[in-house]
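Me: Hi! Could you walk me through this one? I'm new to it.

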Amino acid sequence: MSDNGFDRAPGAGRGRGGGAPTAPESGARLGMSGGGGGTSSGGGRGFGAPSQQLLKQGFAHHQEPLRPPKTAPPGAGAAAEQARATSLPEKNSSKSGMAKPQVVVAPVIISKLSVNAPEFYPSGYTPNLTESSLEDGCDGFPTLTEYVQDFLNHLAEQPACFETERAHFSETVNACVTTDEALQELVELIYQQATSVPNFSYMGARLCNYLSHNLTINPQSGNFRQLLLHRCRKEYENRDEAAKGDEAARKRFHAFVLFLAELYLNLEVKGTKGQLTRAEILQTGLHELLNTLFSNPVDNNLTCAVKLLKLTGSVLEDAWKEKGKTYMNEMIQKIENVVLDANCSRDVKHMLLKLVELRSSNWGRVHITSTYKEATPENDPNYFMNEPTFYTSEGVPFTAADPDYQEKYQELLDRQDLFHEYEENGTDLSGAGDPYFDDDDDDDEMDPEIEEAYEKFCLESERKRKQ
């Protein structure tokens, strides 16, 4: 193009706050004279005429400045003024009339936040025990009750921390619990947590066992274990009323029964010779609680009894047998009477029958440790656990435990061993006269229904091929 041609860069000459050039001035700058590259003097219009006409009409109107944002960061006003001043075109430019681009530096926003600022906690929020108060002990809480309750909640949310934090908790309690009232309050807090929070009975029993051996305070009212058993005795004495009470009363009673079962399994006391044994008083208490539950055969009472026996049945039966007692046989007889006579639901009856079956298998335990060759179905209840399952020609599955298929099962098992040996050693077992690989074997004959379906398939394929 000529020197008077359209050589302005796109967007040049428009400032943020400045106006556009006037029409004559823009005409001179765009080189819109009669000669050279514009419109021709003839009747036709040269290439580029529509663009020049539109540009002339556009620059004839005054361009409004851009509207600033309603909100701006601090210091943005001065930066915006500076940007407007630097973006105005130079009217007296002697080269091309194009404004020189200016680099605008963005304002630096200075934050008042600091990495050294203290930790912020919303109102009503208690910091995590392991982050602050566990290191400081009960001094991080207004009262000992809040400290113990926070530790119990933390233990319920993260049970795995019991092994690592129980020693520090015991030391803190030893330092803070100095009166009979404080020790009784500690027992009550743990009991309420173990009987009200779901799935905390096991962890509560373990904590009680640890504290009973590591708390040094021994007031006149009794040590930790004695106060705990005294608290459980209060609930035990009201067992008949609770088993016959409303839904809420029975729910509290069942939570107590399961917590007492966990205590029986986890609480260790020193015997006369210094050995650690289970508390005999709890064994007697569980026996009476079972009698109470079966004497009131409603669904939730029976469900609680099933849970109790599944949890402690094997241990209770061993302890009763050592004393020559037949209490477990009596419990099984009670279950059978309930299944026959009680108006409980079908699901509960099924649950009771499954419990009887579990007890008949010695609670799923194997007392005789025998080798693989010595194991038999009589002395090993898991004898058939890992055996494969085969199917008859009708699709009926059978295992080694099915007496009607024992010969067939052994035959198929031997055949499987032969194939396994062939795969491992690479030896060809399909010799002459082999009953498993003989071509004349009846097992290789096609089933009549399958043979008929195959013939139909072949005929249909031939017909489609000819079409």
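**Aromatic rings and a helix pair**

Reply: Happy to! W320 is buried, with a relative accessible area of 2% (buried means under 20%, exposed over 50%, partly exposed in between, with a 1.4 Å probe and protein chains only). This is a predicted model, where local features need pLDDT of at least 70, side-chain atom pairs count only at pLDDT 80 or more, and totals for chains, interfaces and linings use all residues. Residues are numbered from 1 along each chain as its sequence is written, and side-chain values use heavy atoms, leaving out hydrogens and water.

Me: How many aromatic pairs are there?

Reply: The count is four, where rings of Phe, Tyr and Trp (its six-membered ring) pair if their centres lie within 6.5 Å; planes under 30 degrees apart are stacked, over 60 edge-to-face, the rest tilted. Y147 and F169 are stacked, at 5.9 Å centre to centre with 25° between the planes.

Me: And how do W320 and Y327 pair?

Reply: Edge-to-face, with centres 5.3 Å apart and planes at 85°. Y327 is partly exposed, at 24% relative accessible area.

Me: Back to Y147: is that residue buried or exposed?

Reply: Y147 is buried, and F169 is too. Ring pairs also join Y147, F151 and F169 into a cluster.

Me: New topic: at what angle do α13 and α15 cross?

Reply: Roughly 10°, with the axes of α13 (residues 299–322) and α15 (residues 346–360) coming within 10 Å. Axes are lines fitted to C-alpha atoms over the stretch in contact, and angles run from 0 to 180 degrees between N-to-C directions. Helices are DSSP runs (H or I, at least four residues), numbered from the N terminus.

Conventions. Helices (H or I, at least four residues) and strands (E, at least two) are DSSP runs, numbered from the N terminus.
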